[in-house]
Amino acid sequence: MSRYLSTSPYQLGNASVRRVMLLVLAGLLPGIAAYVWVFSPIILVQIAIASAFSLLGEALMLKVRGKPLSLFLGDGSALVTAWLIALALPPLAPWWLVAVAALFAIVIAKQLYGGLGQNPFNPAMIAFAACIVSFPALMSMWPSVTLKLSFIDQVQVVFGLMPHVDAMNGATPLDSLKTSLKLNEGGVNVPSLLATQEVFGYFAGRGWEWVTAGYLLGGLWLWWRDIIRWQAPLAFLAGLVAISGAFWLWQPAQYASPLFHLFSGGSLLCAFFIVTDPVSGATTPRGQLIFGFSAGILAYLIRVFGGYPDGVAFAVLLLNICAPLIDRYTQPRIFGLKGTR
Amino acid sequence: MPHKLFRFNGGVKPATHKTDSVRAPIGRAPMPERLVVPLHQNIGGKPQPCVALGDRVLKGQVIGTADHWVSAAVHAPTSGTVRAIEPQLATHPSGLPTLSVVIEADGKDEWIERRPVDYASMAPESVRELLRDAGLVGLGGAVFPSHAKLSASKKTPMEELVINGAECEPFITCDDMLMRERGEEIVRGAGIFRDLLEPKRVLIGIEDNKPEAIAAMREAVAAAGESFEVIAVPTRYPAGGAKQLISVLTGKEVPSSKRSTDMGVQCFNVATASSAYRALTFGEPLISRIVTLAGNVEQPRNWEVPLGMTIRDFIALGTPRADTNRYLMGGPMMGFELPGLDAPLIKASNCIIAASPKLFPPPPPEMPCIRCGSCARACPHELQPFELYWFSRAANFGKAQEYHLFDCIECGCCAFVCPSHIPLVQYFRYAKGEIWGRERDKKAAESARARFEFRNERDEREKAEKAERLARAAAAKAADNPLASATAAPTAASPAATPAPAAAVTAAAAAAPTSPAVPGEAPAATGEASEAERARKAMIAAAVERARAQREAAAAARPHDAATSPEQ
Amino acid sequence: MMIYAILIMALGAVVLGASLGFAAVKFRVEGDPLTDKIDAILPQTQCGQCGYPGCKPYAAAIAKGEADINLCPPGGADGVQKLAELLGREAKPLDAEEKPKQTALIDEQRCIGCTLCIQACPVDAIVGAAKQLHTVVDPLCTGCELCLKPCPVECIAMNPVGESLDNWKWKPPVFTLQRQA
């Protein structure tokens with residue numbers, strides 16, 4: 001019987017799930033660095049909270065399910081989810097919100113579906129969606145750009161030791177653009193808003209430009225390291241640019257430029273770290289193009305016409321549902337059968 | 001003008017481990033005292049043994065004749081005595097036995113009369129037959145009978161003949177050394193294939209990590225005055241797969257559903273070419289081959305070995321190190337673990353690797369598939385291995401076939417790159433085996449059904465005939481005896497139409513075929529008077545008595561069961 | 001406004017109805033009779049262990065709803081499962097013990113050449129003539145055991161079909177086995 005344990009290939013490469021996940025985490029570092037530099041090191045605290053609760057949830061569920069702890073805890077997949085959650089939530093969100101999000105992602109969205117590799121939806125996006133539906137007010141409390149708060153005070157805010165006062169709050173650039181346009185229907189135009197309001201920077205959200213540029217850098221590095229494919233990110237960005245460009249060309253006064261949309265909200269984070277999630281995304285090359293492009297379009301529609309400040313989470317979740325179908329109908333032609341059908 | 005090369009998808013670059021075994025020239029293995037030659041060493045029909053126990057055989061004598069067209073003869077690798085024709089451990093991952101001829105060498109190594117031929121003056125058909133009877137099969141490891149590959153397609157003209165010297169698997173260097181040392185034989189063998197297939201071009205593909213072999217082959221081609229192209233192909237596993245090499249050299253992709261000749265191309269291994277040359281020019285059948293001994297041994301080297309030499313005798317040539325825990329045949333990507341050291345070297349043996357836990361550490365624990373798609377990008381046949389894996393694992397074999405399971409060449413690239421360390425190839429082999437098993441069962445069931453239906457039809461027909469005959473006889477009797485006509489008429493009017501009368505007739509008919517056997521036995525037995533015969537006679541008489549009792553009982557029990565009564 | 005809504009709904013109904021109708025005509029499947037489908041699943045041993053004189057009659061009985069689906073021992077649990085899937089019924093445990101596939105073997109020392117087994121064999125898998133040795137053609141034998149009873153000298157034995165190089169299959173990876181255990 002022991003012979004059946006051993007079949008070719010006997011010589012194996014050095015790939016492992018752990019290595020893949022650690023490289024993805026490394027890919028997030030430039031974005032995190034920019035985050036720290038532009039906003040505050042508080043994001044590191046949030047990442048720590050999310051990581052701790054993700055690992056806790058993972059360990060608990062693995063124990064309950066009778067799976068080897070060391071093997072699955074060490075694979076790094078829970079950390080990737082945790083970091084994405086921390087980056088997607090407002091930096092001054094209370095600690096328990098981050099904890100709830102992390103636990104929800106790991107316990108409900110990942111382990112209850114069967115753990116690593118079995119989840120039909122992206123756990124981080126599920127957690128984000130659950131939070132934004134359950135705690136809309138908390139989820140839209142982004143620190144005001146003008147907020148000058150020491151790191152210690154920020155930590156106290158996060159842990160509820162200091163009240164979270166309205167004065168601290170601002171809105172995300174996407175949100176403020178949408179609200180301003182809505183409040184002064186027809187009265188203002190986008191270029192003047194971007195020029196006057198202090199939440200906006202050179203061409204997108206102030207500071208956010210740098211953070212998202214960091215995601216872009218990390219994503220390109222992951223692509224170069226062959227951890228992610230070019231199809232899904234490029235298609236996502238292309239979808240976003242295509243639809244935002246179309247609206248922008250039609251009414252430049254009412255709609256922001258593609259550049260603004262590329263560098264605002266979660267666009268680049270999503271492009272390189274979320275639509276590239278292999279477990280819940282499409283897997284065929286053509287499927288990834290369709291998946292990414294549709295997600296880009298949906299994200300724009302939800303973000304501009306929907307009720308939520310950003311649309312990437314819902315766009316990705318909706319496409320997650322379609323992923324098996326997309327895969328089914330985009331099976332590549334195999335060797336020797338390319339000319340057929 | 002550099003030859004235009006094409007690219008196949010995926011592939012991997014495992015560490016090649018090829019340098020150790022090419023330092024020494026090809027050695028000639030000493031003739032062992034005992035050789036175990038399995039009869040079935042080829043794809044296709046099982047050769048039938050044509051020697052008897054105790055026969056003295058000469059080197060090169062046929063010991064198994066080719067069965068059907070796709071089959072290849074097997075020969076004695078040396079002179080000696082046939083000590084057994086019995087199942088012996090097969091060189092196969094299963095560890096099951098296979099019918100083999102065990103030869104005790106007499107040490108004289110005496111050749112049978114060899115008949116060199118001038119193949120150019122022969123009909124192609126007889127050349128192919130000659131190659132079949134020389135036992136020539138593909139020596140790259142697939143062991144498909146070569147003669148069966150030497151007919152061009154009737155529809156498509158042959159364009160390229162590819163000679164495969166790529167040898168992409170790690171550790172294996174037997175083709176490399178063959179090309180370095182016996183380039184001329186290969187070129188002449190390729191010439192034979194060229195003359196039989198008449199392609200426009202002959203391309204010899206060699207991976208570019210073998211510069212010595214490339215140089216040697218170029219020299220040999222020039223020396224022979226041939227116009228073959230010796231082409232260096234990029235080193236990337238599995239560039240030496242026939243389909244991959246064809247695609248790299250010609251851009252033609254041969255799907256599993258097609259023969260390569262249908263696309264005007266054919267591919268042979270370099271060792272096959274050289275063996276074909278030796279078979280025709282010297283009349284030497286395939287009784288030896290070059291085998292690499294590599295891995296965890298003190299003296300890795302290539303040896304020319306007589307087929308039938310046991311692995312035990314062979315590995316002794318290289319002195320395995322103490323921590324060797326198993327032996328692989330073939331390369332580490334596609335080879336298999338040998339079931340035991342008593343298994344012989346066969347035509348498919350290109351390499352024996354002594355493996356140690358250090359050389360091939362046990363794979364890390366299997367993790368769930370994360371659908372990362374690495375396998376799909378590594379697959380040279382552009383399959384989606386992770387999809388095939390889900391289907392195979394769920395025993396959803398229909399779906400696996402739909403996703404082209406049978407285009408998988410089991411090259412192992414997918415498992416090599418899998419970050420979850422899933423033994424993908426094993427899942428695919430399992431699924432293929434199950435599908436083949438089910439096909440076999442289905443075919444057997446189909447033919448059983450056909451035979452059953454045929455038999456029922458025959459029974460019906462015989463019954464009808466019988467009934468008719470009886471009715472006719474009855475009618476004739478009735479004509480003689482008017483009293484009986486009343487009972488006979490209904491039977492004649494409805495031959496086997498209603499079940500009840502038919503059953504009645506057949507109950508009588510059923511006894512008929514056996515009853516002549518009873519009196520027939522008597523005169524046959526009277527001639528002999530031996531004890532055994534008498535005992536046998538008594539037994540038969542008793543048996544027949546029992547049978548009759550049973551039959552009568554059965555007939556009494558169900559007189560109306562038309563469908564089953566004839567069988568009882 | 002309401003008119004529009006009604007019109008749109010009506011239009012939708014017409015379009016969907018038309019497309020459904022079109023699909024029904026275009027993608028119509030010529031269903032082969034149920035009996036044949038069931039018969040295709042049955043192992044064709046023609047052994048009669050189900051109580052019917054052959055696989056086809058049993059298939060017909062299942063199709064008519066007269067027979068249960070778990071009466072075929074040679075088909076095994078696998079066969080019951082397939083029948084259950086085809087018929088949309090609940091799979092049941094087999095109504096007999098499952099035997100490994102076997103074939104008949106005639107002891108040539110004892111055979112008297114009576115031809116009774118030849119007549120009993122439903123699939124013509126035994127060859128021989130009166131007073132001559134009979135032999136079971138192994139690949140044709142379905143293992144139905146129908147030849148055992150008629151033999152007057154009890155010279156036929158059933159042998160399980162062992163694993164050989166011809167029917168050997170790669171086993172599934174052990175990982176899966178552990179999972180199932």
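In which element is Cys375(B) found? Cys375(B) is found in helix H8 of chain B, where helices are DSSP runs of H or I with at least four residues and strands are runs of E with at least two, numbered from the N terminus. The structure is a predicted model, in which local features need pLDDT of at least 70 and side-chain atom pairs count only at pLDDT 80 or more, whereas totals for chains, interfaces and linings use all residues. Residues are numbered from 1 along each chain as its sequence is written, and chains are lettered from A and ligands numbered from 1 in the order in which they are written.

The predictor assigns the complex an ipTM of 0.88 and a pTM of 0.83. In terms of pLDDT (the predictor's confidence in each residue, from 0 to 100), chain B averages 86, with 85% of the residues scoring at least 70. Over residues 484-529 of chain B the pLDDT is below 50, and this stretch has 61 contacts in the model beyond near neighbours in sequence; two residues are in contact if their C-beta atoms, placed from the backbone, lie within 7 Å. Residues 558-568 of chain B also stay under 50, with 27 contacts beyond four places in sequence. For chain C the mean pLDDT is 82, and 93% of its residues reach 70 or more. Where pLDDT is low, the predicted coordinates should not be read in detail.

An unreviewed UniProt entry lists Cys369(B), Cys372(B), Cys375(B) and Cys418(B) under "binding site"; UniProt positions are given in the numbering used here, feature names are shortened, and annotations may be inferred rather than shown by experiment. These four residues are spread over 50 residues of sequence, yet they cluster in space, with a largest C-alpha distance of 10.6 Å. Cys375(B) counts as buried because it has 27 C-beta neighbours inside 10 Å; a residue is buried if 20 or more other C-beta atoms lie within 10 Å of its own, exposed if 12 or fewer, and partly exposed in between, with C-beta atoms placed from the backbone. Not counting residues up to four places away in sequence, Cys375(B) touches Pro385(B), Phe386(B), Cys414(B), Val417(B), Cys418(B) and Leu424(B). Cys369(B) lies in the loop between S17 and helix H8 (374-378) of chain B and is buried, since 24 other C-beta atoms are within 10 Å. Beyond its neighbours within four places in sequence, the contacts of Cys369(B) are Gly117(A), Phe386(B), Tyr389(B), Ser420(B) and Ile422(B).

Between the two chains, 47 residues of chain B are in contact with 30 residues of chain A. On the side of chain B that touches chain A, strand S16 (336-337), helix H11 (413-417) and helix H12 (424-480) each supply at least two residues. H11(B) gives the most to this side, with three residues. The residues of this side of chain B comprise 31 nonpolar, eleven polar and five charged, where Ala, Val, Leu, Ile, Met, Phe, Trp, Tyr, Cys and Pro count as nonpolar, Asp, Glu, Lys and Arg as charged, and the others, Gly among them, as polar.

In chain B, strand S13 (residues 288-295) is mostly covered, with eight of its eight residues buried. S13(B) is joined by six bridges to strand S14 (residues 301-306), and the two run antiparallel; strands pair if DSSP finds at least two bridges between them. A hairpin of five residues connects S13(B) to S14(B), and Arg289(B) stands opposite Val305(B) in S14(B). Four bridges join S13(B) to strand S17 (residues 351-355) of chain B in parallel orientation, with Ala354(B) in S17(B) as the bridge partner of Gly295(B).

In chain A, the unreviewed UniProt entry lists Thr172(A) for "modified residue: FMN phosphoryl threonine". Thr172(A) is placed in the loop between strand S2 (169-170) and helix H9 (173-183) of chain A. Thr172(A) counts as partly exposed because it has 19 C-beta neighbours inside 10 Å. Residues up to four places away in sequence aside, Thr172(A) touches Trp142(A), Gly205(A), Gly265(A) and Pro309(A).
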